[in-house]
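Colleague: I have the model open. Can you walk me through a few helices?

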Amino acid sequence: MTSTKARTTALITPVEQGAQHEAKALAGEGRTAKAIRRLRKDSGLGLDTASVALDLLTQGHALPTTYSQALDALRQLDAPLVTELTDLLSSSRRDTAIKLLRERTDIDLAGGYHLVTELSGHLDTA
């Protein structure tokens with residue numbers, strides 16, 4: 001059974017398009033372990049989350065390739081969390097926003113930082 005947390009993290013962590021295609025092809029050849037390693041290589045996905053990401057890919061889902069796409073996915077998956085993050089950013093509490101995102105998902109520190117920075121950039125232009 002897939003945890004909601006791992007699924008959300010897989011859907012909000014950017015993975016380059018080439019890695020997605022390669023992982024999907026490897027999985028199609030039955031080389032699941034190598035496919036998971038390929039997804040983890042540049043994405044920061046943990047082992048469990050990379051496994052969930054591979055399942056999503058083989059089911060026809062696309063993973064984000066940019067933090068802008070990841071932010072759009074987060075808005076669809078957990079709009080209340082985005083609202084909380086926005087409130088924290090509006091109060092100049094970036095570190096708290098990153099911590100909250102990491103608590104609610106399994107995103108790594110770098111990914112959390114970049115996603116919160118992306119959200120902050122959208123607030124600056126709004």
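**Helix faces and packing**

Modeller: On the other side of H6, Pro-80 and Ser-90 are exposed, exposed being over 50% relative accessible area, buried under 20% and partly exposed in between, with a 1.4 Å probe and protein chains only. This is a predicted model, where local features need pLDDT of at least 70, side-chain atom pairs count only at pLDDT 80 or more, and totals for chains, interfaces and linings use all residues. Residues are numbered from 1 along each chain as its sequence is written, and side-chain values use heavy atoms, leaving out hydrogens and water.

Colleague: Which residues are buried in H6?

Modeller: Leu-81, Val-82, Leu-85, Thr-86, Leu-88 and Leu-89. They cover an arc of only 160° around the axis, so they sit on the same side of H6; the arc is taken from the directions from the helix axis to the C-beta atoms.

Colleague: And what follows H6?

Modeller: Ser-92, with a positive phi near 60°.

Colleague: Switching topic, at what angle do H3 and H4 pack?

Modeller: About 105°, with the axes of H3 (residues 32-43) and H4 (residues 47-58) 9 Å apart. That makes H3 roughly perpendicular to H4, a label for angles of 65 to 115 degrees.

Colleague: Which residues of H3 meet H4?

Modeller: Thr-32, Ala-35, Ile-36, Leu-39 and Arg-40 in H3 meet H4 residues including Leu-47, Ala-50 and Leu-54, where contact means heavy atoms within 4.5 Å.

Colleague: Last one: is Thr-9 buried or exposed?

Modeller: Thr-9 is buried, at 1% relative accessible area. Leaving aside neighbours within four places in sequence, Thr-9 is in contact with Leu-45, Thr-49, Thr-105, Asp-106 and Ile-107.

Technical notes:
Axes are lines fitted to C-alpha atoms, for helices over the stretch in contact, and angles run from 0 to 180 degrees between N-to-C directions. Helices (H or I, at least four residues) and strands (E, at least two) are DSSP runs, numbered from the N terminus. Angles under 35 degrees count as roughly parallel, over 145 as roughly antiparallel, 65 to 115 as roughly perpendicular and the rest as oblique.
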